[in-house]
Protein chains: 4
Amino acid sequence: MYNLLKGKKGIIFGALDENSIAWKVAERAHEEGAEFVLTNAPIAMRMGGIKDLAAKTGSEIIPADATSMDDLNNLVEKSMEILGGKIDFVLHSIGMSVNVRKGKHYTDSNYDFTTKGWDVSAVSFHKVMNVLYNKQAMNEWGSIVALTYMAAQRVFPDYNDMADNKAYLESIARSFGYFFGRDHKVRVNTISQSPTPTTAGQGVKGFDGFISYAEKMSPLGNATALECADYTISLFSDLTKKVTLQNLFHDGGFSNMGVSDSVMERFIEE
Amino acid sequence: MYNLLKGKKGIIFGALDENSIAWKVAERAHEEGAEFVLTNAPIAMRMGGIKDLAAKTGSEIIPADATSMDDLNNLVEKSMEILGGKIDFVLHSIGMSVNVRKGKHYTDSNYDFTTKGWDVSAVSFHKVMNVLYNKQAMNEWGSIVALTYMAAQRVFPDYNDMADNKAYLESIARSFGYFFGRDHKVRVNTISQSPTPTTAGQGVKGFDGFISYAEKMSPLGNATALECADYTISLFSDLTKKVTLQNLFHDGGFSNMGVSDSVMERFIEE
Amino acid sequence: MYNLLKGKKGIIFGALDENSIAWKVAERAHEEGAEFVLTNAPIAMRMGGIKDLAAKTGSEIIPADATSMDDLNNLVEKSMEILGGKIDFVLHSIGMSVNVRKGKHYTDSNYDFTTKGWDVSAVSFHKVMNVLYNKQAMNEWGSIVALTYMAAQRVFPDYNDMADNKAYLESIARSFGYFFGRDHKVRVNTISQSPTPTTAGQGVKGFDGFISYAEKMSPLGNATALECADYTISLFSDLTKKVTLQNLFHDGGFSNMGVSDSVMERFIEE
Amino acid sequence: MYNLLKGKKGIIFGALDENSIAWKVAERAHEEGAEFVLTNAPIAMRMGGIKDLAAKTGSEIIPADATSMDDLNNLVEKSMEILGGKIDFVLHSIGMSVNVRKGKHYTDSNYDFTTKGWDVSAVSFHKVMNVLYNKQAMNEWGSIVALTYMAAQRVFPDYNDMADNKAYLESIARSFGYFFGRDHKVRVNTISQSPTPTTAGQGVKGFDGFISYAEKMSPLGNATALECADYTISLFSDLTKKVTLQNLFHDGGFSNMGVSDSVMERFIEE
């Protein structure tokens, strides 16, 4: 559309199917002139149509378990070979709570599940940056983005331990972002996205009602996956070089609402 | 009850009637052993039963328009005479939007009304501190508290220009609090209180429905005026000497909620 | 460069000279294909080279005192005539403290100066949106941006009453942004920019030392006026349609730093 | 002093030696009329003088590894036996980074160390509340407090993975605090304390310089361990019943400073 990413090289984690935000980011990055490698966990790749996406965008796929330093080392090395140079942008779109999947309530966590979910959803972001930083794999003024959710700041009862994982993830963005900025001129940010009806999001209890609530609370309505991809493109582009360590709400205004007229309508009869 | 304010001297702005938070603060401060002066705008004093409060707490009343530097100079001088020394604590509980009173919508403000409401609700806090600071009227480790509301951070559509006034008020607390701390060891904070059914609050449109919404959103329910008075006492006491420049939410947890189960119940049928 | 604003029409407040952020925004908006009207206070226009900017960008100039509803009504009407339709983007880059100019310390404010500075720096933003909203002058998915500074959240002792003005300005963005989003699908945000050596900024005492401090604190260094213009373009573009009510830090990471190694170096000898 | 905790029963984690904040809390809680059990990790107890504290405050000691559900179950059961009823207040003052202890830089973490530190410093708080909640061991209007540090919000380069652990801890306070408030009327908050020269804090590199920096930045200076104990008492008392889900800065104002005059002095020569 605009050639915003012309000549830029990237790695995109987490494209599962066409509902995924990462899938939309890949499509939009391709339209904007970028070249990139797609990656996902080996098990996730069996389910999704990531090969179609690769074909459509002229990308190669490198499977990687984002909790494995070996896999990540291989991913980054191979990506630089395939793309012919250092990396300009990275999208981390990975999250999974075993407690949610197994139906364990937050007040009755299984701590092995807690640890596994934390490793996949949050520590993986540290590991990805660890590899990129120590291999000096990022170009100066590169951009790293992870997707997060406002449960890191405020209580959403059904979000379970993903709230805590996202708080940890956002902290990693600041902590590692400092060193990545100081040493390599790379920026690191998180996008805190509206609840989005992705395949992954559908695991959360009462998700439809919650999407409706968020829609009514947000003056511009919920942000879609495609709109999130557009916003992500702006953060990968050269227009945002000095934005770093930030958690950026992309949510139609939800995050700064106390209450909307539309939500209040349900309470006025009392 | 605990003698937390034994020997301390104060000035309490804004006690109108027994629903006022300032009224409850006066009663509780008296119970805790403090001596203080009560003050309110001359016009407000005609309406309320402040003389009963003065009798009950052994206090004198000094009328003052909190937008008038002359009145405030007189108030502070007289207070020190009456109380026999410098001041240990001050409560600022003053707020009024002329646009709200006159039914002007936020998108159609009358800017004379806006200016008047800003002067009364926000600048008055600067003026009070200006007088206290320049007269060196506060004892070291004194405590100044102003009441505010979360509309300063998040949108509550019917709160009108009081949202902006409260944002300005909270900024004054930080800006002046720095100099008051650095130079006189005095702390300055704001308490961001639950919606409270005071006589003043009743002017806001749809207030009852909003109180019900806030009650359902807050895990501990809304904080009452008496509970706010208790919290204010803790901030006047010597237990909180190093708390300054803070905006402290006293709201049963509302401020850090995204949504509660109880609020979501109204949205699940969709 | 990218045609990001092709076909879009705008109004840009506050271009004084080539150091101004608004000046850089005008240049970049022109490069991106936008058409716009330039405006500034009549008195400011006598000092600056705004005519050169107008010539360079093919723009017309409409003088307006941003505190005058008459001037703003005229500005918006004339702009729509000149541009041949509704407005897509607006930049508010206006700020001035009379207390700072006259050397009045924050603890010794002249309240007439306080009121004048508040009207120019903060209420002007409400008035601009009031006119745009009530004339239905904005296209759907339009974007309104005001420039602000982090003194709205944290204490910078020499920033004086501009801190409070910026807090009020940011609150207006949320308060009016709700109605503009709900009713007209227009987004409203503020950019909280690094200290920038503009002509206006030079009035603040100790500004050079402060710029050096901010440079050392920020992992990516201070953001320049041109970089701010780039970021502003991204917020005017269609890539950020669902970002609203936000205060967006554009500061090389300063806002989320507690301390940097580079700042700590000055304190380690102790 | 004030009998603020008369008749209240508690559990205090983390008193190591007389420099510990938890030690000061125990002393102050005793003065205020509380009865409580002291607990610490078996290994930590060998080093400290916790027996002296127990003798001085008439308390019993129950060793517990705060990462062990068995130990925590035993602790809570025994505590209720010893104290003769349910618990009114709990202090969690536990934190340890193996990466810091072993000298691993944040950009080169050992992930086994990361996991161990996270479990001890953050998940332990979830486990403590899990046991208290499921055993219904807390009285209504009880209060749970954990100690944290502002590195959860802002970058302090030497704080290493403790920053991320504290972010996770603060998120647990909100997430579990919702259910504890809704179901048992118990409040959960964190206190974000000034850097404090405890035995534990001394492990952090450059800690003395950092304390000096924080002292110069804070208008009231750093908060001491004893002052933190006073503040904690206020949060255990009945004066703060409706404060919940909050992260409360107790830091002489540091958290809301951009820069102080005293810090700027080091930068003005440039």
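1. Buried area is the accessible area (1.4 Å probe) that two parts lose on being put together, summed over both. On that basis, chain A and chain D bury about 3000 Å² between them, with 64% of it on carbon and sulfur atoms.

2. This is a predicted model: local features need pLDDT of at least 70, side-chain atom pairs count only at pLDDT 80 or more, and totals for chains, interfaces and linings use all residues. Residues are numbered from 1 along each chain as its sequence is written, chains are lettered from A in the order in which they are written, and side-chain values use heavy atoms, without hydrogens and water.

3. The A–D interface puts 33 residues of chain A in contact (heavy atoms within 4.5 Å) with 33 residues of chain D.

4. Chain C and chain A bury about 3600 Å², 61% of it on carbon and sulfur atoms. C:Leu220, C:Leu239 and C:Lys242 supply 24% of the area that chain C buries here, more than any other three residues. Contact involves 41 residues of chain C and 41 residues of chain A.

5. In one salt bridge, the side chains of A:Lys242 and C:Glu227 meet at 2.9 Å, N to O. The side of chain C that touches chain A divides into 15 nonpolar (Ala, Val, Leu, Ile, Met, Phe, Trp, Tyr, Cys and Pro), 12 charged (Asp, Glu, Lys and Arg) and 14 polar residues (the others, Gly among them).

Key
A salt bridge is a side-chain nitrogen of Lys or Arg within 4 Å of a carboxyl oxygen of Asp or Glu.
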